[in-house]
Amino acid sequence: MRILVIEDEVKMAGFIRKGLEEAGYVVEVAQSAAAGLMLSANGEFDLVILDVMLPDGNGIDVARQLRNEDFKGFILMLTALGGTKDRVRGLDAGADDYLPKPFEFDELLARVRALLRRREGGVSSLQFEDLNMDLVRRKVTRGSQDVSLTQKEFALLEYFLRNANRPLTRTEIGENVWDVHFDNESNVIDVYVRHLRKKIDEPFNFKLIHTLTGYGYVLRKEA
Ligand code: CA
C-alpha cells in the first residue's frame, strides 16, 4: 500500500510518515505542490494525503490537478480547523475525505483504513486457499490457526495476496513493500520471505509461497 504525503511542515510530515510506516504502509513525502505532482505522476500511489496550505500553491488546486491527470487513488485533505469552505472546495475538487488539523494520529489511520476499504468495494479481507487476512483488524489466519506477523511481514503477505498467482520479481517486491530498489547483492527480501514462510507455510500441509529460481517469488497453490 503506497501513500504519498504532500505536506511542507517537516515535523508534521515526519510524524505522519513515521506513524504510517509503523502501520506497515510505504510512504513518500513531498514538501511542495510541485514535488507532490511530480512524484504522483511517477509513482503509483493508492492514496495521497494532501495539506491545504503549501508554499507554492493550494492543496485544493493540487487535488484538482491530480484528478485532471487521471489520478485514480484516494485523496485525503488536511484542512484547517473550521475551514468549512476549504472542505467543500476540496471535496468538489476531487478529494475523497478531509481531516481538520490538529488531529490524533489514530483518527488519521482510521480514515486511511476506511478509504482503502472503500477501494476494495467494502471488502475488508483478502483470502487465498485457507489463508485469510483481515485488513481491518490486521489479523492473519491459516485454517483455524492465528498467525502473528510483524508489520513488514504483514505488508509483504498483503502484496503477495493482492497479486496471487502472479510471479513477482524481487524488484517489484522491493519497490512495493519497501519502496526501495535493493541492489542485486541484497538479500533483505529473501530474509523476510523466509520469516514469512516459517509462519504461514512450514507448519501447514501445503506451501503457498514458491521460489522461482532466477526470477523471484509467487503465491499460488501447486498441484
Ligand atoms: Ca502546510
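Me: Which residues have the most contacts inside the largest nonpolar core?

Reply: This is a predicted model. Its largest nonpolar core has 27 residues, and Leu157, Phe160 and Ile173 have the most contacts inside it.

Me: Which elements give two or more residues to this core?

Reply: They are the strands S8 (125-128), S9 (131-134) and S14 (216-219), together with the helices H6 (151-162), H7 (170-178) and H8 (188-200). H6 gives the most, with 7 residues.

Me: What does Leu157 touch, not counting residues up to four places away in sequence?

Reply: Leu157 touches Leu131, Met133, Val140, Leu149, Leu196 and Ile200. There is also a second, separate core of 22 residues, which includes Ile3, Ala23, Tyr25 and Leu109.

Me: How do I read the sides of a helix? Take H2: which of its residues are buried?

Reply: An α-helix has 3.6 residues a turn, so residues three or four places apart point the same way. In H2 the buried residues are Ala33, Gly36, Leu37 and Ser40. Seen down the axis of H2, they fall within an arc of 95 degrees, so they line one face of the helix. Met38 and Asn42, on the other side, are exposed.

Me: What do the buried residues of H2 pack against?

Reply: They pack against strands S1 (2-6), S2 (26-30) and S4 (53-54), and against helix H3 (59-68).

Me: Why is Ser40 counted as buried?

Reply: Buried means under 20% relative accessible area, and Ser40 has 10%. Leaving aside neighbours within four places in sequence, Ser40 is in contact with Leu4, Phe45 and Leu66. A polar atom of the Ser40 side chain lies 3.0 Å from the backbone oxygen of Leu37.

Terms used
Residues numbered from 1 in each chain as written. Predicted model: local features only at pLDDT ≥ 70, side-chain atom pairs only at ≥ 80, totals over all residues. Heavy atoms only, no water. Core = buried A, V, L, I, M, F, W, Y, C linked by side-chain atoms within 4.5 Å. Buried < 20%, exposed > 50% of the residue type's maximum accessible area, 1.4 Å probe, protein only. Helix = DSSP H or I, 4+ residues; strand = E, 2+ residues; numbered from the N terminus. Contact = heavy atoms within 4.5 Å. Polar contact = N/O pair within 3.5 Å; in protein donor to acceptor, adjacent residues only side chain to side chain. Arc of directions from axis to C-beta.
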